[in-house]
Amino acid sequence: MEEDAILQKSLKWLRDLSKGNISHELEALTLEGLQIVHAQKGSIRCDFVVPTRASDPDGNWHVGAMATLIDDVAATAIYSVVDHVKLSLDFSISFYSTAKIQEEVEIEAKVTGEKGRLTQVVVEVTRKGNRELIALGKQWMASDKKGMKPSQVSSKL
């Protein structure tokens, strides 16, 4: 039962970010309309329609807005495993394609490794329908306090 409570807490955190309840305006604008489709411990899948506010001058999904969304969905997947938000240590994104404004995409984050205070997550952003890869994010996150249980570490967000 505790595992389910941690998962629900992590999903509430992501929903609150997307509504602007616990974040800066930039995150709320970037995550606006994010729909959680499936979630389990260490994994989350979301649907998203790229909003007009997140466009670059060419009408594509701005890479900075995409990076913010990838970071927050990755943090949620990790949160569902360790019961808190960790600090990013290494964050890289490979861009393979673009997405246009009002295009539907799918974001899937999976925790792929843990070592001590470190946790790794991989996030795929794909075009909804044909599953063409748009971006692949890889992130290592760490607890900010050595020797503390996950529930004792407070978020810096």
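**Exercise 1.** In which helix does Thr76 lie? Determine also whether Thr76 is buried or exposed, and list what Thr76 touches.

*Solution.* This is a predicted model, in which local features need pLDDT of at least 70 and side-chain atom pairs count only at pLDDT 80 or more, while totals for chains, interfaces and linings use all residues. Residues are numbered from 1 along each chain as its sequence is written, and side-chain values use heavy atoms, with hydrogens and water left out. Thr76 lies in helix H3, residues 63–82 (helices, H or I, of at least four residues and strands, E, of at least two are DSSP runs numbered from the N terminus). Its relative accessibility is 1%, so Thr76 counts as buried (under 20% relative accessible area, with exposed over 50% and partly exposed in between, for a 1.4 Å probe and protein chains only). Leaving aside residues up to four places away in sequence, Thr76 touches Ser10, Leu11, Trp13, Leu14 and Ile44 (contact means heavy atoms within 4.5 Å).

**Exercise 2.** How many aromatic pairs does a search of the whole structure find?

*Solution.* The search finds one. Phe48 and Trp61 form this tilted pair, with 5.5 Å centre to centre and 35 degrees between the planes (rings of Phe, Tyr and Trp, the last by its six-membered ring, pair if their centres lie within 6.5 Å; planes under 30 degrees apart count as stacked, over 60 as edge-to-face and the rest as tilted). Phe48 lies in strand E2 (residues 43–49) and Trp61 in the loop between E2 and H3, so the pair ties together parts that are 13 residues apart in sequence. Both Phe48 and Trp61 are buried.
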